[in-house]
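Hello,

Here is the structure I promised to pass on to you. Have a look at it first, and then read my notes below.

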Amino acid sequence: MDVLRRRSLLTAGLVTGAALSGCTAEARPGTRSAAFDPDDWDSVRAQFPLDPDLVHLAAFVLAAHPKPVGDAIDRHRAGLDRDTAHYVQEQHQAEDEVRRAAAGYLNTEPANIALTDSTTMGLGLLYSGLKLRPGQEILTTEHDFYATTEALRLTSERTGATVRRIRLYDEPSAASEAEIVARLRAAIGPRTRVVAVTWVHSGTGVRLPIPAIGEAVAEANAGRPPADRALLCVDGVHGFGAVDTDIGDLRCDFLATGTHKWLFGPRGTGLLWGREWDALAALIPTFSGDAGGPGAAFTPGGYHSFEHRWAAREAFEFHGRIGRDRIAARTAEQAGQLKEGLAGIDGVRLVTPATPSLSAGIVCCELSTMDAFAATAALRQEHRIAASVTPYAQQYLRLGPSIVTTPEQIDRTIEAVRTLA
Ligand SMILES: Cc1ncc(COP(=O)(O)O)c(C=O)c1O
């Protein structure tokens with residue numbers, strides 16, 4: 001039985017009947033109240049409190065809360081502020097509902113989903129929890145974010161497993177599925193216990209062909225005992241909410257992601273999905289009990305910013321009402337439009353592959369006239385366009401079309417970049 005539920009039963013009858021779950025929070029200042037039509041992209045955009053005077057091409061960095069998510073946060077916050085301990089007890093099923101909603105999105109079982117606060121926390125739980133022996137190898141790449149490389153460094157120090165880093169492509173815009181898979185397949189050796197990769201590289205916009213990599217890993221595992229099999233572990237954050245796929249089709253073993261980027265879930269939320277959890281040791285005591293399967297058992301306990309955690313359910317529902325496939329198509333369509341426009345500008349070098357299957361929503365490019373920081377500043381100051389810079393040694397101008405942008409805004413962005421190039 002989970003800790004919060006047990007407390008709830010122990011105190012049943014001692015609490016007053018103040019049914020806070022029924023109390024409605026007042027509308028937040030600045031929230032828009034127009035009826036939501038999930039088939040209308042303007043209506044979808046109107047659910048966001050984002051500054052309407054800006055083109056939000058950095059919205060994926062950290063989510064703004066669409067109205068259903070903001071309302072759910074407000075409702076939970078009001079309940080917590082009024083009668084905290086009682087409200088926590090009343091909401092003892094809220095976490096299960098989040099895991100159910102996440103499972104619906106991924107087409108998997110709630111039992112395979114642990115809730116986290118971020119991608120970074122999920123990667124930490126994963127790479128620190130994997131049972132590795134000295135002499136085993138972690139195979140990773142040069143394209144991963146700090147959260148992966150640092151978690152692997154710490155794991156290596158603690159366990160004695162070595163880390164080998166390979167390059168999957170030399171020129172991102174010319175990357176090919178065959179080459180990526182071939183390089184990875186050639187690097188998997190008999191000691192490789194972990195293959196640690198990132199679904200969509202936030203430094204280049206390259207989307208890895210995870211299903212094909214999963215197939216290569218499965219081939220390498222043929223005949224190996226379970227304790228020696230290579231596990232495909234993925235930082236999924238820039239594909240999650242932007243690419244239309246069931247988790248089973250990715251053919252990975254673990255995927256860590258935030259739900260506060262492309263999904264536009266509450267800030268400070270994420271999940272770790274695992275196919276089988278025997279390879280992992282839990283690091284943080286759970287408050288979620290064992291009835292919810294390994295996902296619950298691996299959900300770090302302690303009290304959380306529950307108003308955010310529980311409102312992740314509404315983020316999955318919002319996404320589901322619009323349609324995972326429609327959102328992915330809308331993202332890809334604008335990314336394609338942007339890439340085509342940028343590629344046609346003299347003085348702009350497109351870094352992200354034009355091929356839709358090797359990219360998602362992130363579009364990176366380089367200008368011959370100025371560095372990425374200057375370009376980002378000029379886009380904001382002169383054109384009211386919010387962009388970002390890749391947080392890596394190699395800094396590119398990074399643009400992320402999503403459900404909060406429009407094809408017209410993408411045209412405007414292409415013209416704005418043209419004036420800077
Ligand atoms: C590839 C990648 N993984 C993880 C993160 C960190 O995500 P989170 O804030 O959910 O830990 C980032 C950037 O924020 C990223 O680009």
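**What I found**

Phe264 sits in the loop that runs between strand E7 (254-258) and strand E8 (270-274). Please keep in mind throughout that this is a predicted model. Phe264 has a phi near 60 degrees, a positive value in a residue other than glycine. In general, most residues other than glycine have a negative phi. Is Phe264 buried or exposed? Phe264 is buried, since its relative accessible area is 1% and the cut-off for buried is under 20%.

**The ligand and its surroundings**

Next, the ligand. Which residues surround the ligand? They are Ser118, Thr119, Thr120, Phe145, Thr198, Ser202, Asp235, Val237, His238, His260 and Lys261. Three of these residues are worth a look for their polar side-chain atoms. In Thr120, an N or O atom of the side chain is 2.6 Å from an oxygen atom of the ligand. For Lys261, a polar side-chain atom lies 2.7 Å from a ligand oxygen, and for His238 the distance from a polar side-chain atom to an oxygen atom of the ligand is 2.9 Å. The ligand taken alone exposes 400 Å², and the protein buries 85% of that.

Thr198, one of the residues around the ligand, belongs to strand E5 (residues 192-198). Thr198 is buried, with a relative accessible area of 4%. The side chain of Thr198 makes a polar contact of 2.6 Å with the side chain of Asp144. Leaving aside neighbours within four places in sequence, Thr198 is in contact with Asp144, Phe145, Thr148, Leu208 and Asp235.

The buried residues in H9 are Ile210, Ala212, Ile213, Gly214, Ala216, Val217 and Asn221. What covers these buried residues includes helix H8 (177-187), E5, strand E6 (231-235) and helix H10 (247-250). Just after H9, Gly223 takes a positive phi of about 85 degrees.

Ile138 is in strand E3 (residues 137-141). Ile138 is buried, with a relative accessible area of 0%. Not counting residues up to four places away in sequence, Ile138 touches Leu132, Leu152, Thr155, Ala161, Thr162, Val163, Arg164, Val194 and Ala196. Tyr127 is eleven residues from Ile138 along the chain, and their C-alpha atoms are separated by 9.8 Å.

**Helix H14 and what follows it**

Helix H14 (residues 372-383) has twelve residues and reaches 15 Å from its first C-alpha to its last, close to the 16 Å expected at 1.5 Å a residue. At the start of H14, a side-chain oxygen of Asp371 comes to within 3.1 Å of the backbone nitrogen of Phe373.

As a general point, an α-helix has 3.6 residues a turn, so residues three or four places apart point the same way.

Arg384 lies in the loop between H14 and E11. Arg384 has a positive phi of about 60 degrees although it is not a glycine. At 36% relative accessibility, Arg384 counts as partly exposed.

Arg384 is also touched by Asp51, which touches His56 too, not counting residues up to four places away in sequence. Asp51 lies in the loop between helix H2 (41-46) and strand E1 (55-56). With 32% relative accessibility, Asp51 counts as partly exposed. Asp51 and Glu333 are 282 residues apart in sequence, and their C-alpha atoms are 23 Å apart in space.

Note on methods
Residues numbered from 1 in each chain as written. Predicted model: local features only at pLDDT ≥ 70, side-chain atom pairs only at ≥ 80, totals over all residues. Heavy atoms only, no water. Helix = DSSP H or I, 4+ residues; strand = E, 2+ residues; numbered from the N terminus. Expected span 1.5 Å × (residues − 1). Polar contact = N/O pair within 3.5 Å; in protein donor to acceptor, adjacent residues only side chain to side chain. Near = heavy atom within 4 Å. Areas by Shrake-Rupley, 256 points an atom, 1.4 Å probe, with all protein chains shown as cover. Buried < 20%, exposed > 50% of the residue type's maximum accessible area, 1.4 Å probe, protein only. Contact = heavy atoms within 4.5 Å.
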